[in-house]
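User: Could you take a close look at one strand for me and walk me through how it sits among its neighbours?

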Amino acid sequence: MPLFEYYCNDCKKDFTLLQSANVNKEETECPDCETKSVDYKFSSFAAKVAQTSMRRTSPVTADELPKKSVLNLPLPRLRSEL
Ligand SMILES: [Zn+2]
């Protein structure tokens, strides 16, 4: 199932839901406040395509690489465990 991105007009924030492609997006509720006042943005698949096409005009900078490796590192342990 694809991921769909929405914007909640009450929470003023984005959220992502895993839904079947033929779900009625008009009936989608915000998982936090359960309002139906949400805007469907796009599927994450479409977003990735858009980002990929945008990246082609600007090559990956050295600044992006350290961020990715940091994300893969385990969370730091408490100091008492060291
Ligand atoms: Zn909400």
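Analyst: Let's start with tyrosine 6, whose bridge partner in β3 is tyrosine 40. On the β2 side, tyrosine 6 has phenylalanine 15 as its bridge partner. Quick caveat: this is a predicted model, where local features need pLDDT of at least 70, side-chain atom pairs count only at pLDDT 80 or more, and totals for chains, interfaces and linings use all residues. Residues are numbered from 1 along each chain as its sequence is written.

Tyrosine 6 belongs to β1, residues 3-8. Strands here are DSSP runs of E, at least two residues long, numbered from the N terminus, and two of them pair if DSSP finds at least two bridges between them. Going on to β2 (residues 13-18), β1 runs antiparallel to β2, joined by six bridges.

Put together, that's an open sheet of three strands in the order β2-β1-β3, with antiparallel pairing. β2 and β3 are the edge strands, each pairing on one side only. On average, neighbouring strands in this sheet are turned by 30° against each other, direction ignored (axes are lines fitted to C-alpha atoms, and angles run from 0 to 180 degrees between N-to-C directions).

As for the faces of β1, Phe4, Tyr6 and Cys8 make up the covered one, while Leu3, Glu5 and Tyr7 are on the uncovered one.

Notes
A residue is buried if 20 or more other C-beta atoms lie within 10 Å of its own, exposed if 12 or fewer, and partly exposed in between; C-beta atoms are placed from the backbone. Helices (H or I, at least four residues) and strands (E, at least two) are DSSP runs, numbered from the N terminus.
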